[in-house]
Amino acid sequence: MHDVLAAVDLDISDLFPPRAIDLRVKPERRPFPAADVLRAIGFEALVVAVAAVALLAGEPFTGVDRERLILAVSRIQAALTAAGVTRHG
């Protein structure tokens, strides 16, 4: 085999050209569909709005209410992060 290749001025490596580099950009994958993220944010925003209305009306704010508000804000931030949304962009 090497003799045949040498006769035509080729080397074994000439039979196996280097592979072309795939420069295609792969689509970005999100872990959650955008509609699910928006639905979650919408619900938690409703919780925040109800808490704000209660506070503005002077209604007492229990420890349970406070914990739920903190959870809502945390979930909104988590949903934004899951969606790839940053505070600065």
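Because the model is predicted, local features are given only where pLDDT is at least 70 and side-chain atom pairs only at pLDDT 80 or more, whereas totals for chains, interfaces and linings use all residues. Residues are numbered from 1 along each chain as its sequence is written, and side-chain values use heavy atoms, with hydrogens and water left out.

**Overall layout**

The protein chain has three helices and zero strands, and its pattern along the sequence reads α-α-α; helices (H or I, at least four residues) and strands (E, at least two) are DSSP runs, numbered from the N terminus. Of the 89 residues in the protein chain, 11% count as buried, where buried means under 20% relative accessible area, exposed means over 50%, and partly exposed lies in between (1.4 Å probe, protein chains only).

**Packing of α2 and α3**

Two packed helices are described by the angle between their axes and the distance between the axes. For α2 and helix α3 (residues 63-82), the angle is about 155° and the axes are 9 Å apart; the axes are lines fitted to C-alpha atoms, for helices over the stretch in contact, and angles run from 0 to 180 degrees between N-to-C directions. The two helices α2 and α3 are therefore roughly antiparallel to each other, given that angles under 35 degrees count as roughly parallel, over 145 as roughly antiparallel, 65 to 115 as roughly perpendicular and the rest as oblique. The crossing of α2 past α3 is left-handed, a term that applies if the near helix is turned anticlockwise from the far one by less than a right angle, with right-handed used if clockwise.

| Residue pair | Separation in sequence | C-alpha to C-alpha distance |
|---|---|---|
| Aspartate 36 and alanine 83 | 47 residues | 9.8 Å |
| Alanine 40 and isoleucine 76 | 36 residues | 7.5 Å |
| Phenylalanine 43 and alanine 72 | 29 residues | 8.7 Å |

**Salt bridges**

Side chains of opposite charge can pair when their charged atoms come close. The structure holds four salt bridges, each defined as a side-chain nitrogen of Lys or Arg within 4 Å of a carboxyl oxygen of Asp or Glu.

One of them joins arginine 39 to aspartate 36, with the closest N and O atoms 2.8 Å apart. Because arginine 39 and aspartate 36 are three residues apart in helix α2, they are separated by about one helical turn. Arginine 39 counts as exposed at 55% relative accessibility, whereas aspartate 36, at 37%, counts as partly exposed.

Glutamate 44 forms a salt bridge with arginine 68, the closest N and O atoms being 2.9 Å apart. Since glutamate 44 lies in helix α2 and arginine 68 in helix α3, this pair ties together parts that are 24 residues apart in sequence. Glutamate 44 counts as buried, at 5% relative accessibility, while arginine 68 is partly exposed, with a relative accessible area of 24%.

The side chain of glutamate 44 also meets that of arginine 75 in a salt bridge of 3.2 Å, N to O. With arginine 75 in helix α3 and glutamate 44 in helix α2, the pair ties together parts that are 31 residues apart in sequence. Arginine 75 counts as partly exposed at 42% relative accessibility. Through salt bridges that share partners, Glu44, Arg68 and Arg75 are joined into one network.

**Nonpolar surface patch**

Phe43, Leu46 and Val50 make a nonpolar surface patch of about 310 Å². Patches are made of residues with over 30% relative accessible area and no salt bridge, like charges being joined within 9 Å and nonpolar side chains (Val, Leu, Ile, Met, Phe, Trp, Tyr) within 5 Å. Accessible areas come from the Shrake-Rupley method with a 1.4 Å probe, and for residues only the protein chains shown count as cover. Valine 50 has its place in helix α2 (residues 34-56), where valine 50 is exposed, with a relative accessible area of 53%.
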